[in-house]
Amino acid sequence: AWSRFMTKKFVTATAIGFSGVAGYWFATNPSERHTVFNSFTTNYEPSACARWDFNWDHREPSSLVKPLKDSENADSEKDYKHAMEKKKGRATRHLILVRHGQYNLEGETDAECILTELGRRQASATGERLKNLELPYDVIVRSTMARAQETGKIIGHRLPHLKLKDCCLLEEGAPIPPEPPVGHWRPEASQFFQDGARIESAFRKYFYRADATQKE
């Protein structure tokens, strides 16, 4: 039911897209090679440090309640279950991620990387689609990059009741070295250092589960 939608946000930002079936080779040592596909499907098993942390926002009830000891009695177990239940979230947050429209790839500065005519039509069609869905949206949050600004503005024309917010944390960048490595995208190590903390801050700011005290 839509009553369970606590918050809906649009985030217009730049994403790194992977498409196609082109393959790349990289070597971990001279005797071992892996095929890296230019897509989300690879034959590569990620390391433990690259796997998803299901308690990324530290709101998992089991991490908020003191664990039971083996020696504790039934009453303690009952209290533990009650405390766990109180920490469980009841509401669900939904974020709709929207990529910017096609933009001028010949631009040398961000200000020159504005949307093309096709990009403006894409943004307008996206806004119309979101309007027709008639969901209880809360706010539109967009990156401060020119192409995201323009995309968010055009979408906002279709949803004039929503407030537009700008967030520089959402600008594109290199958060961490991709795993597995991608043949065509190799930022300098310094770029990961500079961008990583900012992008992590953006993730923490917007991607979290609803607090247990929120009912809708």
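A residue is called buried when its relative accessible area is under 20%, exposed when that area is over 50%, and partly exposed in between, using a 1.4 Å probe and protein chains only. By that criterion, buried residues make up 30% of the 216 residues in this protein.

Colleagues, the model before you is predicted: local features need pLDDT of at least 70, side-chain atom pairs count only at pLDDT 80 or more, and totals for chains, interfaces and linings use all residues. Residues are numbered from 1 along each chain as its sequence is written, and side-chain values use heavy atoms, with hydrogens and water left out.

I begin with the overall architecture. The protein has 5 helices and 6 strands, taken as DSSP runs numbered from the N terminus (helices H or I, at least four residues; strands E, at least two). Their order from the N terminus is β-β-β-α-α-β-α-β-α-β-α. Of the contacts between residues at least 6 apart in sequence, 67% join residues at least 24 apart; a contact here means heavy atoms within 4.5 Å.

Let me turn to the second largest pocket. A pocket is an open set of points on a 1 Å grid over the protein atoms alone, where a 1.4 Å probe fits, with protein on both sides within 12 Å along at least five of seven lines; lining residues have an atom within 4 Å of a point. This pocket holds about 280 Å³ of space, a volume being the space filled by probe spheres set on the points. Which elements give two or more residues to its lining? They are α1 (61–64), α2 (74–87) and β4 (92–99). The lining comprises 17 residues, and Arg-59, Lys-87, Gly-89, Ala-210 and Ala-212 lie nearest the centre of the pocket. At least three lining residues come from each of domain 1 (57–90) and domain 2 (91–172), with bounds from an automatic or database domain assignment.

Asn-55 sits in the loop between β3 (32–37) and α1. Is Asn-55 buried or exposed? Asn-55 counts as buried because its relative accessibility is 16%. Leaving aside residues up to four places away in sequence, Asn-55 touches Glu-60, Ser-63 and Arg-209.

His-58 is also placed in the loop between β3 and α1. Although not a glycine, His-58 has a positive phi of about 55°, and His-58 is exposed, at 56% relative accessible area. Most residues other than glycine have a negative phi. Glu-134, in the loop between α3 (117–133) and β5 (139–143), likewise has a positive phi of about 55°. Its relative accessible area is 69%, so Glu-134 is exposed.
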